[in-house]
Each structure stands twice: as structure tokens, then as C-alpha cells.
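Subject: Structure for you to look at

Hi,

Here is the structure I promised to hand over. Please open it first, then read my notes below.

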Amino acid sequence: MSAAARRTLFVLGICLAWALTSAAPLLKYLSPAKAIASLALGLLSIVIGMSCLIRFNLRPRQIGTVWFLLLFLALTTAFAILYPISLRHTLNIGSDREDALRIELLAVRHHQYPYDARTFLGNPPTPLPGAMLLAAPFFALGHIAWQNFLWLALFFFFAVRFFRYRATALFYLAVFLLFAPAHLSDFTSGGDYLTNFFYIAIAVALFNRSLDHSLYASIPAALFLGVALSSRIVYAVILIPLLSLTLQRTSRLRAAVLFFLVLLAACAVTLPVLSPHPLSRLLLQLQQNATKLRYIPSAIHPQWTLSLLAILVACTAFFVRMNLPRLFLIFSAATFVMLAPFVVTFALHSDKLRYVFFYLSVSTLSFSLWALSRYEKHRGFTSSPSPSPSQP
């Protein structure tokens, strides 16, 4: 395939990733004509923006930190305006993701089982104990939603370190955070679904970077990764490509020790909350996800077959040369296999269920990390001046 064809595919991939999680909320809150016009304008802006990346990344100097501060300020302003509105639940009732964490932590504080409670929408809470632990300091401060600012700031730093050029990092953050309606809505309503991805990506990057140092320096990264993985069950599949990456970069003994610590941290956080019957309660909690598969024919046992397919996709990591961008690509494909069937069947069943396309954010954000990192290399950027010292 020619370089021009590859570049075109990368542009189309970013457009599709943005559209998958942006089309539904646009259609939900706007008239069909306005939604289509907004979608077309967004896609056109992405195409133009990716073309402009050439000029920005060929400059001798990288773009300044002030642009990231302005973007962070824009997201902060959006939060200040929209978060109070979300608390009134006036726009189609609103999201109960923050409420799920709140009632879980309230139950734990009163020594009660957290998953017996219900949110204001009557839904059972789904965040696992790792998400509860990371949100606990902000619960103590009285505002769980404030955790979004911490992880957003750290994710900004992750993006700057992940991409070779700062303009690419800024483009990724602007397109998929500020100008993606579903992501902006989750952030400004205090939801943790987007935040879960932030700290998983950060934890994986820290774990990968720690492999360049001694085993003792890797221990904190492994423990933090274990806690982060205990936020939502969908992230467990990232362990497979991460294991492949680790085995390619270090010895089997060190990989075994580090993954033991990852699993130990995940169990240490999760199982005590589910006591005195942790295994049965964990299985019962995971069974809540089975209701999302109710529109898929039960004859194919989707809960098992989709999980198995996702694991098989993730195992392709053992047959390729791994790096961090490729890890996110394989993770994206694995989660897409697992999530897309229920998302599509929900959307086909009822117009009111189109919002579930937001669940594909895990896949689209991961894919876009890989696609934009490859796009940098295929636009002739490698012949440009070296990036600033802060770039990897």
C-alpha cells in the first residue's frame, strides 16, 4: 500500500472514531438536519486539522504549553457551566455515573455492601472497588466529580509524552475531549467512564516506562496498574497485550514478578469489598453486564463467546513486535469485538438507546492513539527537526 493510501486510511480512521461516539448525542439533542450538518462540519474540521498537522510538526519549534493550558481552561469552563445543570437532571434526566460512585462509597463508609444500593435512576452501581478507591479522596472532599480534573491534567501530560509532536497531542485532546459531545458530556456531568480510560492509559504508560529501570522502580507502577484495572472489568483484556510487550522487553522472571504484583494489587483492592463471599459476589456483580446482551440471541451464549473472541484478538499481540501504540491498537480491537455487538443491537432496538455508543469510547480513544502516532510517521515528519527534549 502506498504512503498516500495509508495516510488517507489514517484520516478516515480518525473520522470514524470521532463519529462513532459523537453522532448519537448530536442526533439526540439536535434536529436531524442540524445534527447531520454538525456531524459533517466536525468531520471536515478533522480532515483539515490533520492536514494542518504537517505544517505545525515541520516547524523548528514545537507549539507552546500555553495552548494546552487554554484547552484545559476551556474544558474547565465547560465543566463550571454544565456540571450544575447536570445536577438538576433537566436534560433527559441526566447521568447517574457520579451517583453510582457516591452511593457505593456511602455504603462502604457505613460498612454496608456497596452493590445493594441503587442510583437515582434505579440502576445498580457498576464501578468496581478500584474506581471507588481512586475516587475516595474526592468523596471525602465532598465532590467526586473533582477527580476528573486531576486525571484530565495527568492525561494531558500522558498525551504530550505519548506523541512525538505536541501539535498531534493537542489535536488528539481537542478533537476527542472538547469537540466530542459524548466525552464532554461525561466529563462535565462528573461521570467516571472517561476518567477510567485516563488512568488506565496513564498506568499502562508508567508500567511500560518502568521496564527501563530496575525491578524495584517497577513495583509502584505495577501496584498502581493493579488498582486501576479494578475499575471496570472491560480493562482486564489489556493485560494480554501488556504481557506480550513485557516479555519482549524484559526477562520472564521479571515479567512474572510484575504481573503477580499487578494481580495481587487488583485482588487486594477488590476482594475485601466483596467479602465474606468475594468470588460469588464478584461473579454476581459481573453478571450485571449480561443484561446488556439481551438483544443478542441467547443461543450463541454472547457473554462467553464475545469474551472469548476478545481474548483471541488480544492474543495476536504474541505474534507481532510490540510497542505502546500497538498495544493500544490491539486493546482497541479486542474491546470493540466485545462491546460493538451489544451497542449495535441496543441502537437497532430503540432510538432511546443510541446513547450506548458512548461505550465504544474505550475502543475509539485507544485506536486514535495508535492511528495518530502512525500518522505522524507517514506524513514525512521523521525528516523534520528533532522534537523538544520533553518528547519521547
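**A surface patch**

Val-66, Trp-67, Leu-70 and Leu-73 make up a nonpolar patch on the surface. Together they have about 410 Å² of accessible area. To find Leu-73, go to helix α3, which covers residues 65-87.

The mean pLDDT of the protein is 88. A value of 70 or more is reached by 92% of the residues. Which element has the highest mean pLDDT, and which the lowest? Helix α11 (residues 239-249) has the highest, at 97. Helix α13 (residues 278-286) has the lowest, at 76. Be careful with residues 380-392, where the pLDDT is below 50. In the model, that stretch still has 34 contacts beyond near neighbours in sequence. Where pLDDT is low, the predicted coordinates should not be read in detail.

**The whole protein**

How many helices and strands does the protein have? The count is 16 helices and 0 strands. Its radius of gyration is 21 Å, close to the 21 Å that the globule rule gives for 392 residues, so the protein is as compact as a globular protein of that length. The C-alpha atoms fill a box of roughly 60 × 60 × 50 Å along the principal axes.

Buried residues account for 51% of the 392. Now take the contacts between residues at least 6 apart in sequence: 76% of them join residues at least 24 apart. The accessible surface is about 18500 Å². Carbon and sulfur atoms hold 70% of that surface.

Best wishes

Definitions and conventions. Residues are numbered from 1 along each chain as its sequence is written. This is a predicted model: local features need pLDDT of at least 70, side-chain atom pairs count only at pLDDT 80 or more; totals for chains, interfaces and linings use all residues. Side-chain values use heavy atoms; hydrogens and water are left out. Patches are made of residues with over 30% relative accessible area and no salt bridge: like charges are joined within 9 Å, nonpolar side chains (Val, Leu, Ile, Met, Phe, Trp, Tyr) within 5 Å. Accessible areas come from the Shrake-Rupley method with a 1.4 Å probe; for residues, only the protein chains shown count as cover. A salt bridge is a side-chain nitrogen of Lys or Arg within 4 Å of a carboxyl oxygen of Asp or Glu. Helices (H or I, at least four residues) and strands (E, at least two) are DSSP runs, numbered from the N terminus. pLDDT is the predictor's confidence in each residue, from 0 to 100. Contact means heavy atoms within 4.5 Å. The radius of gyration is taken over C-alpha atoms; the globule rule is 2.2 Å times the number of residues to the power 0.38. Buried means under 20% relative accessible area, exposed over 50%, partly exposed in between (1.4 Å probe, protein chains only).
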